[in-house]
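My notes follow in the order I looked things up.

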Amino acid sequence: MSGSDAGGGAPTSTVDMCIARVRVLGFRNLVAQELELRDGLTLLWGPNGAGKTNVLEAVCLALSGHSCRTRNERETIAFDQTMARVEVEVRRGAEPHQLLWSLNRAGERRHLVDGKDAGTEQLGLRPALAIFLPDRLALVKGPPAGRRAHLDRFVAALWPGRAEARRRYGRALAQRNALLGRVRAGAASGDSLDAWEEELASAGVELALCRREAVAALAPEFGSAAAELGVAEDAELRHEPRSDASRPEQLAAELRACRERDLARGHTTHGPHLDELAISLGGRSVRRFGSQGEQRTALLALLFAERRALLEARQTPPLLLLDDVMSELDPDRRALLAGRLAEGGGQALLTATEPEQLDCPSAAIAVRRGSVCWSPPAALPSPGGPARASVAA
Amino acid sequence: MYPGPIERLISELARLPGIGQRTAQRLAFHILRADDAEALGLADAIQEVKEKVGLCEVCFNLADEPRCRICQDERRDRSLICVVEEPSDVIPIERTGEYRGLYHVLGGALSPIDGIDPDDLKIAELVRRVSDGTVNEVVLATNPTTTGEATALHIAELLRDRVTITRLASGLPVGADLEHADEVTLGRALSGRQSVPGPH
């Protein structure tokens, strides 16, 4: 198992990670399904509503513990089931690891790696994820909070040791806001504001540095990926920090200067929680002025840039989950996309309504009414056929 | 389901940390079956601990006299105070056998979210202790968490220019393999790395 099946001579990375098997029970319209996967591109194809995206969502849940589609994870439990359960077998080199995610109607949730609670310690056992869903366009056209969260997740994927930066900042911010509220209400004195501002500043400068370095790694790749996807104008990815402070004392002084205003408003009005990750084409903000097509392209270019950067830094390509990217691309771009995906090895799961939308997948899996079927497409069994799917290379 | 007194015992036991309804039932029946001396011994111990154990008037560690044993110990270095959040934090530091100074137990850490302000901790008492001139150094040993760090920063602010202030270093556990260290701890240990002294 290596990138050589798929990459066509691409260098095989040292810690290849791949998803070997996915087992899904009582998950949306997938009652009991099992898929075996290989390296390279796997195409999930079938009509609308068949359950293609559900497969991607199930994989995302087992790997990250979060749904890429909904905040209310309980809606993933199939109507007539009491529990949704996803098991994923990941191979890291030759060693297999089991990831499990489950949720029952009572709201009891489990996310385990090799039988232990999935925490930061086992981050290394979970492949990084890069996800494209049409609803994810909100990332490009929505408010900045979504982009900040996305950028911070990328920071964590690139440098697991820095995953704590965002949480640490968030905790200090919540504490300072609580203190501002209490001081405003006359329930506390402002004596400890200095200390909270120092802690917030120290966490904030660290977080801003992570973001700056992450964007520096992404920006050139973003430009070239956008160009390959047919964007004629200059595509630019820029970190726009709220504060330019590079040392904790500077940011602490800035926070102190805002204290009066913050006390009046009851929350912190300065700091990295107001940073923006600006995406622009030809100098215009894609968020404000981009067409639907430009926004899709920008999102795709961002994904490619992240994949490249991760490949470069960690030698492990992230698992790509791409939902319905082909439908709006012309044949040239599709070929380009397929080529891009194959480079560096690694795995990608793509969905499409027609098998012809991807030229040379390593495998194609047909999805019909909640069941995954054998390929090639010509040999499809009738709907509701065998639950087990295999893969033709 | 059970007679009133048993139900009461079960529900009291179930309020203890780490004890669920099932375990509480098992413990309750164990107590019921035990002979009087054993069962009443437990009740007696609980009563005694609540009556006799209080906080040391100097350092606010647990004590069964006005002053705790550490504060009473004449051999202790009175110029050194180690500041911790909880009485339970004193024990691991004592176990090292490396520390010969006194302690100051804050009774928690600053956390505006939980309504804990400087007034709710023994911070003013610490400042008073330091201002009598015998103390040279204060070691801030609050936890390396957001609340612990902010508490340390706040105290450092108050004591600045009066005494030497130090903070516990954070890094790798000794005797453990690097391969088992989590990324955050290892990252901190890397950024806090020290040069290895040369041969001369």
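Entry 1: I began with A:Arg168 and A:Glu199, whose side chains form a salt bridge at 3.4 Å, N to O. This is a predicted model, so I read each distance as a computed value. The two partners sit 31 residues apart, A:Arg168 in helix H5 and A:Glu199 in helix H6 of chain A, and the pair links distant parts of the chain.

**Entry 2: a charged network.** One network joins A:Arg21, A:Arg23, A:Glu34, A:Glu36, A:Arg85, A:Glu87, A:Glu89 and A:Arg91. Within it I checked A:Glu89 and A:Arg91, which meet at 3.1 Å, N to O. A:Glu89 counts as buried because its relative accessibility is 12%, under the 20% cut-off. A:Arg91, at 29%, is partly exposed. Over all chains, I get 40 salt bridges by this rule.

Entry 3: A:Arg28 is in the loop between strands S1 and S2, A:Glu75 in the loop between H2 and strand S4, and 47 residues separate them. A:Glu75 is partly exposed at 42% relative accessibility.

**Entry 4: where chain A meets chain B.** I turned to the interface and found 23 residues of chain A in contact with 17 residues of chain B. The buried area is about 1,800 Å², and carbon and sulfur atoms give 61% of it. How many salt bridges cross between chain A and chain B? The rule finds one: B:Asp117 with A:Arg182, closest N and O atoms 2.3 Å apart. I also noted five residue pairs in polar contact between the two chains. Helices H5 (164-184) and H6 (193-228) of chain A each supply at least two residues of the side touching chain B. H5(A) gives the largest share, nine residues. By class, I have that side of chain A down as nine nonpolar, five polar and nine charged residues.

Entry 5: B:Ser111 is in the loop between strand S4 and helix H6 of chain B. Its relative accessible area is 4%, so I filed B:Ser111 as buried. Beyond its neighbours within four places in sequence, B:Ser111 contacts A:Gln175, A:Trp196, B:Ile116 and B:Thr147.

**Entry 6: A:Asp275.** I found A:Asp275 in the loop between helix H8 and strand S10 of chain A. A:Asp275 is buried, at 2% relative accessible area. A polar atom of its side chain lies 2.8 Å from the backbone nitrogen of A:Arg242. Residues touching A:Asp275, leaving out those up to four places away in sequence, include A:Arg148, A:Arg211, A:His239 and A:Glu240.

**Entry 7: helix H2 of chain A.** I checked the length of H2(A), residues 52-64. At 1.5 Å a residue, its 13 residues should span 18 Å, and the end C-alpha atoms are 19 Å apart, so the two agree. Twelve of the 13 residues are buried, among them A:Lys52, A:Glu57 and A:Cys60. Just after H2(A), I noted a positive phi of about 85° at A:Gly65.

**Entry 8: B:Arg75.** Last, I looked up B:Arg75, in the loop between helix H4 and strand S3 of chain B. B:Arg75 is exposed, at 67% relative accessibility.

Definitions and conventions. Residues are numbered from 1 along each chain as its sequence is written. Chains are lettered from A and ligands numbered from 1 in the order in which they are written. This is a predicted model: local features need pLDDT of at least 70, side-chain atom pairs count only at pLDDT 80 or more; totals for chains, interfaces and linings use all residues. Side-chain values use heavy atoms; hydrogens and water are left out. Contact means heavy atoms within 4.5 Å. Buried area is the accessible area (1.4 Å probe) that two parts lose on being put together, summed over both. A salt bridge is a side-chain nitrogen of Lys or Arg within 4 Å of a carboxyl oxygen of Asp or Glu. A polar contact is a pair of N or O atoms within 3.5 Å; within protein, one must be able to donate a hydrogen and the other to accept it, and residues adjacent in sequence count only if both atoms are side-chain atoms. Helices (H or I, at least four residues) and strands (E, at least two) are DSSP runs, numbered from the N terminus. Ala, Val, Leu, Ile, Met, Phe, Trp, Tyr, Cys and Pro count as nonpolar, Asp, Glu, Lys and Arg as charged, and the others, Gly among them, as polar. The expected span of a helix is 1.5 Å times one less than its number of residues. Buried means under 20% relative accessible area, exposed over 50%, partly exposed in between (1.4 Å probe, protein chains only).
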